[in-house]
Amino acid sequence: MDLTLDEAKARNAEVITEALSVYPDKTAKKRAKHLNVYEGDKPDCGVKSNIKSVPGVMTIRGCAYAGSKGVVWGPIKDMIHISHGPVGCGQYSWAARRNYYIGVTGVDTFVTMQFTSDFQEKDIVFGGDKKLDKIVDEIQALFPLNHGITIQSECPIGLIGDDIEAVAKKKSKEYDGKTIVPVRCEGFRGVSQSLGHHIANDAVRDWVFERPGDRPVSFESTAYDVAIIGDYNIGGDAWSSRILLEEMGLRVIAQWSGDGSLAELENTPKAKLNILHCYRSMNYISRYMEEKFGIPWVEYNFFGPSKVAESLRAIASHFDDHIKEGAERVIAKYQPLMDAVIAKYKPRLQGKKVMLYVGGLRPRHVIGAYEDLGMEVIGTGYEFGHNDDYQRTTHYVKDGTLIYDDVTGYEFEKFVDRLQPDLVGSGIKEKYVFQKMGVPFRQMHSWDYSGPYHGYDGFAIFARDMDMAINNPVWGLAKAPWNAEQ
Amino acid sequence: MSQNADKVLDHFSLFRSQEYVDMFENKKAFENAVPVAELQSAVDWTKTREYRDLNFAREALVVNPAKACQPLGAVFAAVGFEGTLPFVHGSQGCVAYYRSHFSRHFKEPTSCVSSSMTEDAAVFGGLNNMIDGLANAYNLYKPKMIAVSTTCMAEVIGDDLNAFIKTAKEKGSVPAAFDVPFTHTPAFVGSHVTGYDNTMRSILEHFWDGKAGTEPPLVREPRDSINLIGGFDGYAVGNMREVKRLFSLMGVNYTMLGDNSDVWDTPTDGHFRMYDGGTKLEDAAAAVHAKATISMQEFCTLKTLAYAAKKGHEVAAFNHPIGVAATDRFLMEVARLSGRPIPEEITRERGRLVDAIADSSAHIHGKKFALYGDPDLTLGLTGFLLELGAEPVHILASNGTPDWEARVHALLDASPFGKGCHVYPGRDLWHMRSLLFTEPVDFLIGNTYGKFLERDTRTPLIRIGFPIFDRHHHHRYPLWGYQGAMNTLVKILDKVFDVTDADTMIPGKTDYSFDIIR
């Protein structure tokens, strides 16, 4: 039964109150600031964000290391990223994020490998700098085609006073100016992955842009050079985006960082326009390039045909008619495919309700794609969003949407139980909780091992996947017939 | 345009279309890509003996290890107890990783909380995080017990769990009598199997030795029951259930300590069970009175077994027993300790396994295997391979100790099939890559990460181990017991036959051997 807007708002407010009632007072007070029912005329979502998680509540967030190694640096394919510290962090994040790339792994590319200094007690006691020094030598001996090295700090590094910057400088000198990047992304820094993104962005600035490196690249600039910023090529997302940009006449000189390379990072100051998908994780370096090199940047959204077309036009607006015509040509070319996809799937998905809880840009960016299929997002929230994300979210969400920042396991379960969406889109830790409850689910970090979801090619897959989740016959089997009264 | 609404192309076919292939080729101009000839000669060089020697000379760098860190094992052990919420004191990202890791393997939720320590806690210590964290976890998730372990952050700054938990209780975070066992699990010591051991011991110590000084220690009154500990095991769901079935058939009075077979195998019936099954807390306490404690994985329980022995238990340790002889030894020991004979039904299961081996071993006999994994699992598999007449040429455990090495050598020395086989403690999968290139084998046994070795060296991978992310549901089937050995045998045989078929299916060239009967 569909609720009226006022009924839905009242219900959502009540659900928040119920969830908070279980917490100790001090925690309830803190959590209350992160939960809200969106009022359609407000300039933000009315929640606090980017604040420390409360201990013991089962936050879904990760850490700064995950933001740097796992998100920003890890996909740079021709560099070796050392998980510097004990073995675990690198092990759990090993090849798990589906940053697709082309290369011969272990010889000229290294993304799906786990390089670790595997700290032992003696390294904690005596420090790990000597070990790190030797590790660089061993990398050079065994993986001579690597184009650079990053040192991704795990928690102990900052606590035991290691000087990884000194080691990086020394080794860089020994290897003819090789790019070696120390990254201070210890997991205890900041409140989530988010600070790790920022630290990683700053490391690109300080150790790639501001140092020459040992293999300068030169190419002839053109008026149509752009860089894709903040696309991690999960399941090939950056590829199904790049193809559209090239079709409209632009030249993509760099991908940050999915299927990216050190050379592409170094190329980027020559771009005419930086196009930014994941604002949260790469706005920092985009702003820096704007200030330092005068490169404008534009945010775009490649989820679903409405937003893709809008974004292609927005990108084209920075260029001449040649590109503007190119954008129209591309939009027209894919229109029949999009019409066919929507004709096939919209009747099966029309009116279905969705709740999201993801990171980065997706809690807002994917809403348009659902709407293209006639679906409605009734709740959304960010793992590690900031206030500027929640401001941008107001352009996407409807009046009365339930908003939850840094949601706890308890709250999310409660919200879904009460709102009864037809689909939940979140992560691997949440997937099985909701499937047990009989609620269809798609992982919206890894695309549930599918994808790409970006661009026109990706939307066909997105639509197919949402249909197969929601209209899976298994959901009709969850109740045993002899327990039918439940 | 390659995409199609009628037959939607996935990533594995979409990107093979010409427009994308061309795009990849054009992108190389911006990548500073290694020239093809140089790349090919480097690829070939990594296959050589020279590269292997260089690779084995590594002293500091670790590449693709087959081990994880202590707190992962702590969480594994803790969720095996009734209504128990693991609480990891330290940085919060670690807990996100453990939960993801287990969920990717078991395809199940894993509940666990963190005390979410950040910079201020690094400076001032994590006492407030413990106080607030315990209170929140207790109120929100209504556990029967909270089992505390630590990340390396809390260990480096030296937080004192005993004092912190005591203070938290004084401040009313949880009731004074609420069970909060704790243990230090530094990630820079040992591996996940060490964390399992520390946590299992800490939980038993909590119940048996007076709950951190708040109660008098239990006085042991020996009974005839037997405790069984499974150890860190990717097949816990299937294996635990198989052991319980065997014990029921024998009529053994037993307690499973750390039974996570239900919590990692809950039904989809419209209801999420955060906790399910597990060792009842009163049973964990009463386990002190047991006659004996048996460990299925010695290297997961070194300290735990020593502790049980100190309490007066007879102890027996096995190494992930797989196969006829290993299962014989296990069941005979259970029979001896419990005084219960092995029933005819189990004897017939044994006979069926021997029958199956006799039927099929011609296809395995003399085949060369490489295997890696945890110390106990590799010992169990080595024993079984030797029993099948296979040659386990390379045996590697990244968390293998000199003790483990000696134990594997003893197995190899006792069998004619163990000649020329080698043991590699403390090595990683990049070492294994060199071994597979320079001393090739017919099959590789390992976890999901072995697929990278399969890709590079073309050694067919048989997935046995933890984690298995890219095949579903195998953890539901036991490897232990005669039935489990049967499953293992079939797993190996299926791969052998698939490889033989794939190798003989070129029409008019090799398909004379594409036999219908094998």
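Is B:H89 buried or exposed? B:H89 has 0% relative accessibility and therefore counts as buried; buried means under 20% relative accessible area, exposed over 50% and partly exposed in between, with a 1.4 Å probe and protein chains only.

The structure is a predicted model, in which local features need pLDDT of at least 70, side-chain atom pairs count only at pLDDT 80 or more, and totals for chains, interfaces and linings use all residues. Residues are numbered from 1 along each chain as its sequence is written, chains are lettered from A and ligands numbered from 1 in the order in which they are written, and side-chain values use heavy atoms, with hydrogens and water left out.

**View 1. Surroundings of B:H89.** This residue belongs to strand β2 (residues 84-89) of chain B. Helices (H or I, at least four residues) and strands (E, at least two) are DSSP runs, numbered from the N terminus. When residues up to four places away in sequence are not counted, B:H89 touches residues including B:S115, B:M117, B:D159 and B:F164; contact means heavy atoms within 4.5 Å.

**View 2. Strands β6 and β7 of chain A.** Strand β6 (residues 225-231) has seven of its seven residues buried, so the strand is largely enclosed by the rest of the structure. Strand β7 (residues 251-257) runs parallel to β6(A), and six bridges join the two. Two strands pair if DSSP finds at least two bridges between them. The bridge partner of A:A227 in β7(A) is A:A254.

**View 3. Helix α18 of chain A.** The helix covers residues 409-419, and its buried residues include A:Y410, A:F412, A:F415 and A:L419. A:Q420 follows α18(A) and has a positive phi, near 45°.

View 4. Chain A contains 20 helices and 14 strands. Its radius of gyration is 23 Å, close to the 23 Å given by the globule rule for 486 residues, so chain A is as compact as a globular protein of that length. The radius is taken over C-alpha atoms, and the rule is 2.2 Å times the number of residues to the power 0.38. Of the 486 residues of chain A, 67% count as buried.

**View 5. Chain B as the setting of View 1.** Chain B has 22 helices and 13 strands. Of its 518 residues, 62% count as buried. The C-alpha trace of chain B spans about 80 × 65 × 55 Å along its principal axes.
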